[in-house]
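Visitor: Please pick one residue and take a close look at its surroundings. Then widen the view step by step to the rest.

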Amino acid sequence: MKQEESMDRQVLVEDVWKSFDRGRIEVLKGVSLKVPKGGIVALCGTSGCGKSTLLNVISGLEEVDRGKVRVSGHDVVNESTRIDLLRHHIGYVFQFHHLMPDLTLQENCLVPLVATGGDRNAGMARLRELAEATGVAHRLGQRVRELSGGERQRGALVRSLMNDPELLLCDEPTGALDESNREKVFDLLLDLVRARGRTLVLATHDPDLARRCDRTVKMRDGRIEDDNAS
Amino acid sequence: MSLWRMILTNLRRHRVRTAIGATGIALGVATMLSVVGLLGGAVKMFERILRSDAEMVVFEKNVSDLFFSNVPVDLADELEKQSFVREAQPVLFTIIAAPDRPVVTCFGIRAGDGRLRKGEWLQGKAADFTDDGRGVVLGERAADFLNARVGGDIELGQGLYPVVGVVRMENGFENGGVFMPLLACQKAFHKEGVCSVVTVALAEGSQPSEVKDWMATRHPRLTALENEEFSRGYSQFRIMKTTAWVVGGCAFLLGGLSVTNTMILSVFSRIKEIAIARVCGFSRGQVARMIFGESLLVSAIGTIAGWALSSAGLYLLARVPMLQGYVEPRIGWQEVAGAMTLAVLTALMGALYPAWYAARLKPAEALRFE
């Protein structure tokens with residue numbers, strides 16, 4: 001593989017196998033996936049097909065049994081690589097916001113900066129910019145428990161983008177929202193990613209959302225069944 | 001936003017849990033400082049009884065308690081003839097019974113002993129306390145609980161003794177004791193010719209080693225120690241001090257369990273938060289630092305509260321009329337430093353398992369945790 005080709009790929013997953021319960025439950029069975037920089041990819045499939053596990057494998061949150069995972073030119077092989085990726089290259093949004101309820105939205109969004117020890121002034125400037133873009137700037141001083149569901153999920157989105165990651169992984173990011181908020185948050189997500197030229201890998205079982213992505217990868221029983229980029 | 005801000009927030013949002021953890025440490029610190037302070041004060045008071053303007057004390061070698069020490073009284077006279085000794089005073093320590101008071105400390109001393117001069121004479125005068133008489137001087141508290149006055153007689157042991165003075169002594173043991181002429185005391189206890197210790201005041205420019213060398217040559221059965229040496233080496237003091245630290249240490253152990261419990265609950269109740277912190281890039285070390293930081297802060301709060309609690313308790317105790325003079329708590333910087341060191345160790349030990357558990361959490365698994 002040529003070096004330039006490799007660098008153009010944001011995510012490279014090669015023949016990845018992952019099982020749980022000491023091998024009794026096989027969740028990923030030889031999955032391979034290539035996502036170029038700026039790609040917007042939806043992972044689709046029914047619950048339990050391996051979408052979330054694949055996202056966890058890409059982020060390094062789950063170790064693989066076999067196979068190779070490469071993100072932003074780094075092999076995901078050990079703890080220090082995983083931490084470096086999560087600090088500087090990957091943002092993660094979950095179905096539930098997982099914000100800390102007793103911190104303000106601003107404090108929650110600054111948690112990634114605590115991890116990296118990044119510059120506070122630059123961090124605050126970035127926070128203001130992202131909060132403006134997501135429409136939660138006026139809510140930054142509120143505690144999480146005082147925010148609506150949509151605001152919380154937007155807050156989670158801001159937090160995931162605080163360290164300006166090249167790759168955003170989203171696991172059913174609108175799954176816990178009502179229909180109106182679902183559309184708004186998803187529009188916002190796509191706008192932010194496209195405007196910044198970032199890469200998005202999204203797990204969803206909502207075909208409408210999947211259709212709005214550049215590419216749809218359908219998973220079934222731990223394997224990629226269909227990839228409309230192929 | 002900083003790690004310390006997160007730590008503070010974590011502690012603040014679980015106030016009751018934090019308070020319970022801090023209370024455990026506070027009780028440990030308070031117990032340790034109180035016990036060490038009280039026993040330290042008692043040791044100091046006893047040391048002062050022995051010193052009485054002297055730099056050295058002579059007693060029988062290898063005795064477990066000074067009450068069992070037998071030193072010839074003639075030694076005091078012999079010592080006073082030496083050029084390196086300014087004054088040598090024999091003292092016989094005994095316990096005597098009085099009606100309704102089975103235990104009264106009795107000091108058999110000579111009239112020339114300086115300790116009575118230091119007291120405030122409330123009744124009688126020093127001249128009435130003579131070497132060849134039977135007249136006793138009572139400490140103020142002893143006079144009170146024995147219901148005795150100058151001019152009356154008091155029953156002590158098998159004998160009846162005239163009271164010739166009542167003195168207010170600063171030291172609780174002396175203030176609650178009886179001063180008896182040495183000869184009368186020896187007779188009452190069938191210890192003719194002996195005393196418990198001889199206190200030695202050195203002549204100006206003389207060295208303790210001169211007394212030690214002289215004693216080693218002339219009286220190998222006896223030993224002469226400087227006051228500091230005596231305090232360090234006397235087995236009763238060592239037992240008291242060790243007891244104080246052991247009791248305090250046990251209290252700390254219980255405090256440590258409370259911190260461990262607090263921190264375990266703290267970790268288990270926010271497993272998902274810890275997982276999210278890991279997803280945000282927290283290393284295992286940072287997660288562990290957060291848990292240790294919380295534990296140290298709980299301990300710091302507990303230590304300050306415990307210090308305040310013990311200081312207030314000892315202050316009040318020292319002012320209880322019944323204990324006046326007996327309780328002279330001393331909390332020195334060594335005791336405070338010791339308690340703080342133990343508090344930090346307790347915090348670190350208490351957080352060891354919770355921090356290890358939190359640091360080893362796998363974020364993906366933790367986020368699935370219900």
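Predicted model: local features only at pLDDT ≥ 70, side-chain atom pairs only at ≥ 80, totals over all residues.

Guide: Start with Val41(A), which sits in strand β3 (residues 40-44) of chain A. Helices (H or I, at least four residues) and strands (E, at least two) are DSSP runs, numbered from the N terminus. Residues are numbered from 1 along each chain as its sequence is written, while chains are lettered from A and ligands numbered from 1 in the order in which they are written.

Val41(A) counts as buried because it has 24 C-beta neighbours inside 10 Å. The cut-offs are these: buried means 20 or more other C-beta atoms within 10 Å of the residue's own, exposed means 12 or fewer, and partly exposed lies in between, with C-beta atoms placed from the backbone. Contacts come next. Two residues are in contact if their C-beta atoms, placed from the backbone, lie within 7 Å. Neighbours within four places in sequence aside, Val41(A) contacts Val35(A), Leu200(A), Val201(A), Leu202(A), Cys213(A), Arg215(A) and Val217(A). Take Arg215(A): 174 residues separate it from Val41(A) along the chain, yet their C-alpha atoms are 4.8 Å apart.

Now step to one of those partners. Leaving out residues up to four places away in sequence, Val201(A) touches Val11(A), Val35(A), Val41(A), Leu43(A), Leu55(A), Ile58(A) and Leu169(A). Val201(A) also stands out in the largest nonpolar core: of its 119 residues, Leu43(A), Ile58(A), Val201(A) and Ile291(B) touch the most other members. Such a core is a set of buried Ala, Val, Leu, Ile, Met, Phe, Trp, Tyr and Cys residues joined through C-beta atoms within 7 Å. The element that gives the most to this core is helix α2 (residues 15-51) of chain B, with 14 residues. A second, separate core holds 55 residues, among them Val73(B), Leu116(B), Leu156(B) and Cys185(B).

Back to chain A as a whole. Domain 1 covers 1-67 + 78-84 + 166-230, and domain 2 covers 90-164. These bounds come from an automatic or database domain assignment. Over C-alpha atoms, the two domain centres are 22 Å apart. Domain 1 puts 17 residues into the contact and domain 2 puts in 16. On the domain 1 side, β7 (167-171) and α8 (179-196) of chain A each give two or more residues. The most come from α8(A), with 6 residues. That side has 11 nonpolar, 3 polar and 3 charged residues. Here Ala, Val, Leu, Ile, Met, Phe, Trp, Tyr, Cys and Pro count as nonpolar, Asp, Glu, Lys and Arg as charged, and the others, Gly among them, as polar.

Chain A also has an open sheet of 4 strands, ordered β2-β1-β4-β5 with antiparallel pairing. Because β2 (25-36) and β5 (74-75) each have a single partner strand, they stand at the edges, and one side of each is left without a neighbour in the sheet. Strands pair if DSSP finds at least two bridges between them. Strand β4 (residues 66-71) of chain A pairs antiparallel with β5(A) over 2 bridges. In one of these strands, β5(A), Asp75(A) is the bridge partner of Arg70(A).

Now chain B, with its 14 helices and 12 strands. Its radius of gyration is 29 Å, well over the 21 Å that the globule rule gives for 370 residues, so chain B is more spread out than a compact globule. That radius is taken over C-alpha atoms, and the rule is 2.2 Å times the number of residues to the power 0.38. The C-alpha trace of chain B spans about 90 × 50 × 30 Å along its principal axes. Buried residues account for 45% of the 370.

Strand β11 (residues 197-202) of chain B runs antiparallel to strand β1 (residues 56-60) of chain B, with 3 bridges. There Met56(B) stands opposite Val200(B). Strand β3 (residues 85-98) of chain B also runs antiparallel to β11(B), joined by 6 bridges. There Val85(B) faces Leu202(B).

Finish with helix α2 of chain B, which contains Ile20(B). Ile20(B) is partly exposed, with 16 other C-beta atoms within 10 Å. Apart from neighbours within four places in sequence, Ile20(B) contacts Ser258(B) and Thr262(B).
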